[in-house]
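Hi everyone, and thanks for making time this morning.

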Amino acid sequence: MKRLLILCSAVAVGLPCSLAAAAALQGASAGRVGNGSTPVTACDTDGFTVSYTTSGGNVTSVAIGGIAVACNGGILQVTVVDGSRTSLASGGPVTVSGSSANVSVSPNPPGATPAGVDVSIVGP
């Protein structure tokens, strides 16, 4: 009990209280924690087509095509990157509901700058 009081008294001086102590104070019970590995199956194994929509010379959205039916219901996000793989813009989440998706991106990088797009679909 002493340790709990010491951990939580640190909050009074601006230091964070541990999650265990906070849970104990609220009477919450902890869930199970574990580790391990499980293979993740891709919903689309043959890749996507990518095209950009520009306005005033800047990329405003990215169209992703060739999405497999198995990805329907998944959440799609895109990141527009430069040649160094540095993020220039991102967009989403968009729920996949067909073989293509149009994703608005922000900010709007110059159209000549993007070197590629990272596409992520989580689920379904």
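I'll start with the overall layout and then visit a few places along the chain.

First, some ground rules. This is a predicted model, where local features need pLDDT of at least 70, side-chain atom pairs count only at pLDDT 80 or more, and totals for chains, interfaces and linings use all residues. Residues are numbered from 1 along each chain as its sequence is written, and side-chain values use heavy atoms, with hydrogens and water left out.

So, what is the secondary structure of the chain? It comes to two helices and six strands, in the order α-α-β-β-β-β-β-β along the sequence. Helices here are DSSP runs of H or I with at least four residues, strands are runs of E with at least two, and both are numbered from the N terminus. The chain has 124 residues, and 24% of them count as buried. Buried means under 20% relative accessible area, exposed means over 50%, and partly exposed is in between, using a 1.4 Å probe and protein chains only.

Strand β1 covers residues 49-55, and seven bridges join it to β2, residues 58-65, in an antiparallel arrangement. Two strands pair if DSSP finds at least two bridges between them. The two strands form a hairpin with two residues between them, and G56 in that turn has a positive phi of about 65°. S55 has N58 in β2 as its bridge partner.

Also here, F48, V50 and Y52 form a nonpolar patch on the surface, with about 230 Å² of accessible area together. Areas come from the Shrake-Rupley method with a 1.4 Å probe, and for residues only the protein chains shown count as cover. A patch takes residues with over 30% relative accessible area and no salt bridge, joining like charges within 9 Å and nonpolar side chains (Val, Leu, Ile, Met, Phe, Trp, Tyr) within 5 Å. V50 counts as partly exposed because its relative accessibility is 39%.

Now step back to the loop between α2 (19-26) and β1, where we find T45. D44 is in that loop too. Is D44 buried or exposed? D44 is buried, yet it has no salt bridge, and the nearest side chain of opposite charge, R85, is 16 Å away. For charges, Lys and Arg count as positive and Asp and Glu as negative, while His and the chain ends are not counted. The D44 side chain does reach the backbone nitrogen of A68 at 2.8 Å, and one of its polar atoms lies 3.1 Å from the backbone nitrogen of D46. T45, by contrast, counts as exposed because its relative accessibility is 74%.

How many salt bridges does a search of the whole structure find? One, and a salt bridge means a side-chain nitrogen of Lys or Arg within 4 Å of a carboxyl oxygen of Asp or Glu. R85 forms it with D118, with the closest N and O atoms 2.2 Å apart. R85 sits in the loop between β3 (75-81) and β4 (87-95) and D118 in strand β6 (residues 116-122), so the pair ties together parts that are 33 residues apart in sequence. R85 also has a positive phi of about 65°, although it is not a glycine.

Finally, two cis peptide bonds. One runs from G92 to P93, with omega near 5°, and P93 lies in strand β4. Another runs from S106 to P107, with omega near -10°, and P107 is in the loop between β5 (100-104) and β6.

Technical notes: Polar contact = N/O pair within 3.5 Å; in protein donor to acceptor, adjacent residues only side chain to side chain.
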